[in-house]
Amino acid sequence: MICNTAFDVDLADRYYIGMMSGTSLDALDAVLCDFDGDTPKIIATHSKPFCNKLRGILLALCTPNGTASLAVGEFDRFSELDFWGLASRLYGEFASEIVNELLAKTELTADDITAIGCHGQTVRHRPEWRFSLQLLDPNILAERTGIAVVSDFRRRDMAVGGQGAPLVPAFHQAIFEQGETANDSQTVILNLGGIANITVLGDDVTGYDTGVANLLMDGWTARHLGQSYDKNGDWAKSGVVDFALLDKLMTHPFLAQSTPKSTGREAFNMAWLDEILIDFDITPVDVQATLCEFTALSASREIAKFAKTHNTLYVCGGGAYNAHLLTRLGYHLPTFTIHTTDKVGINPTWVEAVAFAWLARQNMLMQTGNLPAVTGAEKGVVLGVVCFG
């Protein structure tokens with residue numbers, strides 16, 4: 001049974017699990033958090049890459065009409081809806097395995113966990129049409145773990161006029177903003193997943209997607225090196241930026257959109273990149289260097305708009321481990337001191353998963369989880385629906 005109604009909850013309940021797989025589609029991350037304090041404490045973490053079968057279906061579903069090439073062999077006569085249903089089941093089963101393996105790392109049991117906050121896999125995000133689809137069967141996850149599952153976080157925000165994204169700025173505000181911020185100081189958090197998004201802390205918190213982060217770099221690396229990502233940005237660093245290509249990339253219409261705004265694979269994908277590259281004769285390594293610069297420049301231009309006298313940038317997500325990308329961010333943001341979120345107590349890998357543990361807790365306590373100034377919603381609302389364990 002799925003519902004979203006108030007019920008008695010022991011406010012002393014402290015343990016929540018957060019789960020997140022982003023646009024990079026590299027793995028499903030899970031964290032077990034203790035909320036018995038001012039900030040969440042991570043008790044255990046677990047991450048597993050998707051198997052080739054599930055990842056292939058998810059990637060195809062992320063691309064409009066992308067499943068047509070998969071409808072052969074065992075999938076003969078499968079439609080996009082068939083692949084959606086199959087992947088929802090497989091994702092639920094995979095998430096269940098991860099939760100049970102996560103718990104096995106601790107002395108806690110399912111009875112100790114109040115809820116799992118599982119974002120699911122976004123396969124279509126169309127804020128201009130007021131819908132966003134996250135793939136997951138929470139019934140399987142709840143049944144196989146015995147724990148209540150909070151999911152479908154985005155659509156309640158969209159129901160009140162929001163874009164359903166980004167959702168993490170509310171968590172950033174609650175966790176990272178400590179005390180008064182000096183009038184001449186600015187703190188910005190930059191998440192570098194498949195897509196880049198920022199949170200600007202202060203009296204009026206704002207946040208939005210700035211464009212692509214790792215999505216294109218990872219896709220290009222996989223195509224030309226057979227690796228899932230460019231470790232440390234070493235391949236990009238060895239190349240030379242092609243400024244004509246960079247200028248062309250920077251004309252992407254999303255970059256000129258006014259806020260609130262959010263994006264995904266629908267706007268930034270390898271097919272879009274390939275179409276642009278038809279007009280260029282550039283070596284693969286120089287394309288990679290240019291893609292890295294594209295991420296750094298598009299994010300930096302937005303961050304720089306909020307600069308004050310003293311500025312700090314905290315970076316999280318997989319891109320926080322791309323040393324060359326951080327160097328390029330520093331070049332474009334000379335007035336900012338740049339750290340990863342390790343500096344404030346949360347490993348960059350786990351920030352988004354912790355955020356969905358926090359959002360699950362907000363739901364169970366019937367507290368709002370969105371920031372209308374960020375998403376464009378008419379009001380704050382409780383996010384997510386519950387499937388009880």
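Predicted model: local features only at pLDDT ≥ 70, side-chain atom pairs only at ≥ 80, totals over all residues.
Met366 is found in the loop that runs between α13 (351-364) and α14 (372-375), and its phi is near 60°, a positive value in a residue other than glycine. Such a value deserves a remark, because most residues other than glycine have a negative phi.

A second residue of this kind is Asn232, whose phi is near 65°, again positive although the residue is not glycine. Asn232 belongs to the loop between α6 (215-225) and α7 (234-237), and with a relative accessibility of 33% Asn232 also counts as partly exposed.

## Two cis peptide bonds

The bond from Ala165 to Pro166 is cis, with omega near -15°, and Pro166 has its place in the loop between α4 (154-159) and α5 (168-176). Another cis peptide bond joins Thr259 and Pro260, where omega is about 0°, and Pro260 lies in the loop between α9 (253-256) and α10 (270-277).

The domain assignment of the protein chain gives domain 1, which covers residues 15-151, and domain 2, which covers residues 169-344. Taken over C-alpha atoms, the centres of domain 1 and domain 2 are separated by 25 Å, and the contact takes 12 residues from domain 1 and 13 residues from domain 2. About 940 Å² of area is buried between domain 1 and domain 2, and carbon and sulfur atoms give 52% of this area. On the side of domain 1, Thr23, Ser24 and His125 supply 49% of the area that this domain buries against domain 2, which is more than any other three residues supply.

What kinds of polar pairing are found across the interface of domain 1 and domain 2, salt bridges or polar contacts? The rule finds 0 salt bridges there, whereas it finds 6 residue pairs in polar contact, with both residues at pLDDT 80 or more. The elements that give two or more residues to the side of domain 1 that touches domain 2 are α1 (52-62) and β6 (121-126), and the largest share, 4 residues, comes from β6. The residues of this side divide into 6 nonpolar, 4 polar and 2 charged.

## Salt bridges between separate parts

Side chains of opposite charge can pair when their charged atoms come close. A search of the whole structure finds 12 salt bridges, and one of them is formed by the side chains of Lys48 and Glu97, at 3.8 Å from N to O. Lys48 lies in strand β4 (residues 41-49) and Glu97 in helix α2, so this pair ties together parts that are 49 residues apart in sequence. Lys48 is partly exposed at 22% relative accessibility, and Glu97 is partly exposed at 39%.

Lys53 forms a salt bridge with Glu74, and their closest N and O atoms are 3.8 Å apart. Because Lys53 lies in helix α1 and Glu74 in the loop between α1 and α2, the pair ties together parts that are 21 residues apart in sequence. Glu74 is exposed, with a relative accessible area of 60%, while Lys53 counts as partly exposed at 39% relative accessibility. The side chains of Arg124 and Glu80 also meet in a salt bridge, at 3.8 Å from N to O, and since Arg124 lies in strand β6 and Glu80 in helix α2, this pair links parts that are 44 residues apart in sequence. Arg124 is buried, with a relative accessible area of 11%, whereas Glu80, at 30% relative accessibility, counts as partly exposed.

## Two residues in loops

Asn214 lies in the loop between β11 (206-212) and α6, and at 8% relative accessibility Asn214 counts as buried. A polar atom of the Asn214 side chain lies 2.9 Å from the backbone oxygen of Leu192. Apart from its neighbours within four places in sequence, Asn214 is in contact with several residues, among them Ser24, Leu192 and Leu325.

Leu108 has its place in the loop between α2 (80-104) and β5 (113-118). If neighbours within four places in sequence are left aside, Leu108 is in contact with Tyr15, Leu32, Leu103 and Ile113. Leu108 and Leu32 are 76 residues apart in sequence, and their C-alpha atoms are 9.9 Å apart in space.

Notes
Residues numbered from 1 in each chain as written. Heavy atoms only, no water. Contact = heavy atoms within 4.5 Å. Domains from an automatic or database assignment. Buried area = accessible area lost by both parts, 1.4 Å probe. Salt bridge = Lys/Arg side-chain N within 4 Å of Asp/Glu carboxyl O. Polar contact = N/O pair within 3.5 Å; in protein donor to acceptor, adjacent residues only side chain to side chain. Nonpolar A, V, L, I, M, F, W, Y, C, P; charged D, E, K, R; others polar. Buried < 20%, exposed > 50% of the residue type's maximum accessible area, 1.4 Å probe, protein only.
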